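These are my notebook entries on one protein model.

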Amino acid sequence: MRICRFNGDRLGVVDKDEVVDVTAVLDALPAQRYPLPQHDLFIAALPRLRPLLQQAMQAGVRHPVGAVRFASPVANPGKIIGAPINYEAHAAESKANQAIAHGRNVTSIADWGLFLKAGSSLVGCDQDIVLRFPDRRNDHEVELGVVIGSTCHRVRREDAMAHVAGYTVALDMTLRGTEFQCFRKSIDSYSVLGPWMVTADEIADPNQLDLWITVNGEMRQQSNTRHLVYDIARLIEFASSFYTLEPGDVIMTGTPEGVGPVRPGDLLEAGVAQVGSFKIRIAPHYGDALPAA
Ligand code: MN
């Protein structure tokens, strides 16, 4: 099942080339009182909601896929987890290029560990990416996004895949520089998920998926998740050896070689085979200028 959020806060199921509005199913979510849980309520309830989604599809209003605006398929991820240097060829290009490495000793994901991106950085492809710091390099990083479906802590890799709700296309936009990743990659709009989440049952082997990104029609990154250093199960094992993973947490699994700069006005198109693809615009102006008085 391909599940999306669209046109603001609508909930949808993608059926071939149409989005079926199933927003009414959200009424089945448990009423919550303050303080809210730290996980995503919808993803946590998804196993129970799936029959309701099927039912709601029968009568739901249909829109052509091309006529809706897709928000992030996960509304409230408790954590957005990044995986640095998780493709050998990207580690190699980083080592060879100080415009990427900025003096860091590029070793391995085992050595560096993971990092967290701020929730406030998350957008869907219905919004522009607003670049900051015109005098510095801002790069695209296309990645497979893994959405966690159930709580797990210190899970073994052989048990890890049972905790995956689904997959999405992710952009881990990056300001290059000397600061820690958690800071540089957490600028508003620098985490993109879309256009929808494909549930895990539809992807036979997520460690065998082509992924790519074009900028203004030019291919920039093109690889396959078979080249991941830590595959998805190992990433879940590694992440959960430090954090409890919760429903709606997103793991951006790392970017292949070919990272490069983007500029205001660029049009990006990013995709993962069997998952989907989206176009997203880089806003025409940097976000640094103060609003006119
Ligand atoms: Mn990345």
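The entries below begin with the conventions and then take each topic in turn.

**Conventions.** I worked from a predicted model, in which local features need pLDDT of at least 70 and side-chain atom pairs count only at pLDDT 80 or more, while totals for chains, interfaces and linings use all residues. Residues are numbered from 1 along each chain as its sequence is written, and side-chain values use heavy atoms, with hydrogens and water left out.

**Entry 1: helix α2.** I looked up which residues of helix α2 (residues 88–95) are buried. They are His 90, Ala 91, Glu 93 and Ser 94. Buried means under 20% relative accessible area, exposed over 50%, and partly exposed in between (1.4 Å probe, protein chains only). Helices (H or I, at least four residues) and strands (E, at least two) are DSSP runs, numbered from the N terminus.

**Entry 2: strand β10.** Is strand β10 (residues 142–148) enclosed or open? Seven of its seven residues are buried, so β10 is largely enclosed by the rest of the structure. On one side I found Val 142, Leu 144, Val 146 and Ile 148, and on the other Glu 143, Gly 145 and Val 147. In a regular strand the side chains alternate between the two faces of the sheet.

**Entry 3: partners of β10.** I then looked up the pairing, which requires that DSSP finds at least two bridges between two strands. β10 and strand β11 (residues 164–172) run antiparallel and are joined by seven bridges; Glu 143 stands opposite Ala 170 in β11. Strand β16 (residues 250–252) also pairs with β10 in the antiparallel sense, over three bridges. There, Gly 145 has Met 252 of β16 as its bridge partner.

Entry 4: Glu 143 in strand β10 and Asp 172 in strand β11 are 29 residues apart, and the pair links distant parts of the chain. Glu 143 counts as buried at 1% relative accessibility, and Asp 172 is buried at 2%.
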